[in-house]
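Subject: Structure for your review

Dear colleague,

Please find the structure below. My notes on what was found in it follow.

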Amino acid sequence: MSDKQTQTQLAVIGSGPGGYAAAFLAADLGMDVTLIDTAPNPGGVCLYRGCIPSKALLHVAKLLSEAKEAKNWGISFSEPKIDLPRLREWKNSVVAQLTGGLGRLSKQRKVNFIRGKATFNDSQSLKINTVAGAAQKLIFQQAVLATGSHPVTLPGVPVDSPLVMDSSAALALETLPKSMLVVGGGYIGLELGTVYASLGTKVTVVEMLPGLLPGADRDLIAVLAKKLNSAFTEIMLETTVKNIRVKKNGVSVQFQTGNGTELKKDYEKVLIAVGRKPNSANLGLENTKVQTDEKWFVKVDAQRRTGDPAIFAIGDVAGEPMLAHKAAHEGRTAVEVIAGGKSVFEPRAIPAVVFTDPELAWCGLTESEAKKQKREVSVTRFPWAASGRAATLGRSDGLTKIIFDSQTERVLGVGIVGPGAGELISEAVLAVEMAAVAKDLELTIHPHPTLSETVMESAAMLFGTGTHIYRPKRKR
Amino acid sequence: MVKEIKLPEVGENVESGEIAKLLVSVGNVVDLEQPVLEFETDKAVVDVPSPYTGKITEIFVAVGDRVKIGDLLMKVETENMKSPVPVTEEEAVIPLTKAVEEFPAPEAGETLPGTEVVAAEKPQVSAAPEILREVAPASPSVRRFARELGVEIDYVSGSGPGGRITLDDVKAFTKLLVSGEKKPAGSGLFFETLPEFSRFGEIDTQPMSTVRKKTAEHLSYAWATIPHVTQFDKADITDLEKMRKQYSAAVENAGGKLTMTAILLKIVAAALKLFPQFNASVDMERKRIIFKKYFNIGVAVDTGRGLLVPVIRQVDRKNIRELSIELTALAEKARNRKLSPDDLQGGNFSVSNLGGIGGTYFTPVVNAPEVAVLGVSRSSMQPVYNDGQFQPKLMLPLSLSYDHRIIDGADAVRFLRWVVEALEKPFLILLAG
């Protein structure tokens, strides 16, 4: 018996932020598009089990921590009562609202959305096993692979226990443990740790490396670490997890610290957040000319074309950094190429945001990377203690730093730590992309009183002329 | 340690070339960046510098060898000879500056485009994020514009603050590229500084209209890139003119004007079928000729805005009456500014009839990427010696300019002769066209 067979101009496999951005643009450009995912609506990990639900919960965390701080300003609240099922329901309703909206946008664009799992038969066709249990063959002219990534598991760590969670399980918010160990000091671990800590869990973070959030500049991390040190029970650096044993009512974890000593501690639950791996297996890629590298990322060129001329790959499956906004941009690039454009993926800056409290955001060149490259840069740091707006928020712990090219004064990178850093970084991304120079930022009027002024003032500091900070230029 | 010297990238579209000269021999000690050989591409001779300090131990190429980018050229013994800059194996293929010496600097004191830049990065299959590489200071829209023009943004020098590259910088660079790479040396497409004319008398300065600007740029490009030759001939249209007059009323009733241009369109379409190299385009980048299986012909129209060349499609499938009607409508559209960009695209050959104004012969410019153009001048009564006596004949002067890169002189004569004969004996169109 032969399967049902249909044709499409463009098949997009995976409907996360990269996949649906690609599918929608393709439809807008007049292509006949089929979008394939097992979920009921587009959204992918980001909307169902990632960015969106975590941000909903982090908003709650922020509210709780501000309510606590209000005591210093003369306002006291009684201890919050946490109705976990209601909180879960609200978070789920946010997810449902957004994914449902994407489903409608998909229909309005006449994108053919198939719920199923696709594998490649060859370079022109897919086999789709639908969620409904049918099998069909889809012949495509071009395909965009946007299958994303999944959390890495640790060797020797049980995966079948509800006490050992990955990020998806942690976001499901089944129970509120009294204590929790977060394995991994990256952004996922710190964000989810912040959520659980604010809801009353005693959170411990363990990180193998000597610092949290590898990739970001240490002076920014220091500001965040100070706050996290009080929010979390403990942060263990340069410490590895030797093994995790699941007991009846908790887990027993054996650590090895940097100097070799071993210790053992008990927690009610463990969250494993040590990174993500691309979803490049079980896709039938071996039936195509698509190639993967040693980390299982699909190899792509600047246009996001794989080794197979008819197949493009975008998002997490196509390489670091694994970020939704990078995926969406890549998706649009790939579709523009498919539509005959000369587009390439060539960002000068991909913003990274950690939605902790305070938020940490950076883009473009970091100071440490500049050092590594032996590149001559000038760095300015504007402490938020000098920002009026920060003072009104009771948050003077932030920092806005800019990395300039010493010769041209061009903005090469920006790092911001402080409440709202994630929103503030966009101006910096634009500055880097537009090749703005320090004068451009300094001469752009920023509204007062806002945190965005810290960007302008930080730029003025290059000339020793920041208004709210006295740091005269060193004479040469 | 023994290191390899490979042929680095030397510029866009350069994949191979010849070894022109060896500048070192085995046993020589070379410094970092010291030229070790001269490499000759179709465009220029460039020095290949040593990426290391050390002693040449082996040379794998000889003068005259054809080599490709990445080919092994020499080996260098670098032990105990510290290079001033640490160089890793990956960096061994070091970038060369592009051969831009022939480009004049846009302004005195400014750096030459490309003299300080890393070589073009060809899209490589890799999963690594590419955001941390050295990047040209240009906004995303300017980068996209450059890419669409096929310009490597890294070679463009910026005029903005911090060397920022503007849209105009890219445009100016494109003009340099066109003039520097694609034009025979000597003739000037880039602009000489004009004298201050007001010193000599009263002047009135007007900005160029869009059409004028486009015409100027396009014709400069065509003139600079196409080696033009113009072939002249004349046709006896005494009989044809009688027929034209006889049928012009009928065509006029149908809404068209039966002109010599309309008749020529039909004849040229037939000629293009017989001489396919006139219905072609040259792709110098990929070294190939594109033959077209369709017959669209542009007709130069003099409008209030300047010269426009609307295109009549599938001329071979239309009769002269239909062509007359379409041509009349198109010319009308051109004069009323109603032409769409579509109307101006897709031509294979152009006809420019200046006979309505006068003149004998002229040398039309080929409308690139077409490869030939037929110029038509005013017909006049001339004595033609025939059967022992002079007879008055109505003679039509014709000028065929063609792209000598793909059309040989003999073919051009044959083509134009065929057109002349078809004008004299229109039955030829039915017979052979």
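A:Asp440 and B:Arg164 join their side chains in a salt bridge, with 3.3 Å from N to O; the term stands for a side-chain nitrogen of Lys or Arg within 4 Å of a carboxyl oxygen of Asp or Glu. Across the interface of chain B and chain A, the rule finds five salt bridges. By class, the side of chain B that touches chain A has 12 nonpolar, five polar and seven charged residues.

The model is predicted: local features need pLDDT of at least 70, side-chain atom pairs count only at pLDDT 80 or more, and totals for chains, interfaces and linings use all residues. Residues are numbered from 1 along each chain as its sequence is written, chains are lettered from A and ligands numbered from 1 in the order in which they are written, and side-chain values use heavy atoms, leaving out hydrogens and water.

In the interface, 24 residues of chain B are in contact (heavy atoms within 4.5 Å) with 34 residues of chain A.

The largest nonpolar core has 57 residues, of which B:Phe278, B:Phe349, B:Leu398, B:Leu400 and B:Leu423 touch the most other members. Such a core is a set of buried (under 20% relative accessible area, 1.4 Å probe, protein chains only) Ala, Val, Leu, Ile, Met, Phe, Trp, Tyr and Cys residues joined through side-chain atoms within 4.5 Å. Leaving aside neighbours within four places in sequence, B:Leu423 is in contact with residues including B:Ala235, B:Met260 and B:Leu398. Apart from this core lies another, of 38 residues, among them A:Leu84 and A:Leu271.

Yours sincerely

Terms used
Ala, Val, Leu, Ile, Met, Phe, Trp, Tyr, Cys and Pro count as nonpolar, Asp, Glu, Lys and Arg as charged, and the others, Gly among them, as polar. Buried means under 20% relative accessible area, exposed over 50%, partly exposed in between (1.4 Å probe, protein chains only).
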